[in-house]
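Good morning, colleagues. Please bring up the sequence and the structure on the screen, and I shall go through a few local features in turn.

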Amino acid sequence: MSEEYGSDFITITDDEGNAYQLEHLDTLEIDGVYYLAFLPADIDEDDERFGFIIMKQEEENGESYLVVPPDEEADFAYQRFMERLFADELEEGEEEAE
């Protein structure tokens with residue numbers, strides 16, 4: 001995600017009515033499914049609950065919504081996000097070394 005456009009924030013509400021503000025970091029398409037990586041914007045970085053949140057985009061009746069994928073699917077998407085992140089860092093490092 002390009003930093004030149006700034007950060008994207010969304011607010012989601014869980015089944016119990018609790019609202020959370022999330023910062024959207026990146027989106028990946030894997031086998032036709034969109035996965036989105038977020039960080040909680042309303043939790044201190046030192047809080048033990050702070051960390052990546054992986055959500056999956058689904059559609060029903062023409063409307064898109066986000067769901068938490070099963071653990072195995074979320075772990076797979078997380079690994080793909082990390083590969084992409086580290087690939088970007090390697091490319092930047094190679095450019096600086098030249």
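Asn61 counts as exposed because its relative accessibility is 76%, above the 50% cut-off for that class. Please bear in mind that the model is predicted. Asn61 lies in the loop between strand 4 and strand 5. Its backbone also deserves attention: the phi of Asn61 is positive, near 55 degrees, in a residue other than glycine.

What do strand 4 and strand 5 form around this turn? They form a hairpin, with two residues between them. The two strands run antiparallel and are joined by five bridges. Strand 5 covers residues 63–67, and within it Ser64 is the bridge partner of Glu59.

Let me turn to the other pairing of strand 4. Strand 4, residues 53–60, is also joined to strand 3, residues 33–40. How many bridges join strand 3 to strand 4? There are four, and these strands too run antiparallel. Here Leu36 has Met55, in strand 4, as its bridge partner.

Asp31 is not a glycine, yet its phi is positive, at about 50 degrees. Is Asp31 buried or exposed? With a relative accessibility of 77%, Asp31 counts as exposed, since the class begins over 50%.

Asp31 has a positive phi of about 50 degrees, and Asn61, in the turn of the hairpin, has a positive phi of about 55 degrees. Thank you for your attention.

Note on methods:
Residues are numbered from 1 along each chain as its sequence is written. This is a predicted model: local features need pLDDT of at least 70, side-chain atom pairs count only at pLDDT 80 or more; totals for chains, interfaces and linings use all residues. Side-chain values use heavy atoms; hydrogens and water are left out. Two strands pair if DSSP finds at least two bridges between them. Buried means under 20% relative accessible area, exposed over 50%, partly exposed in between (1.4 Å probe, protein chains only).
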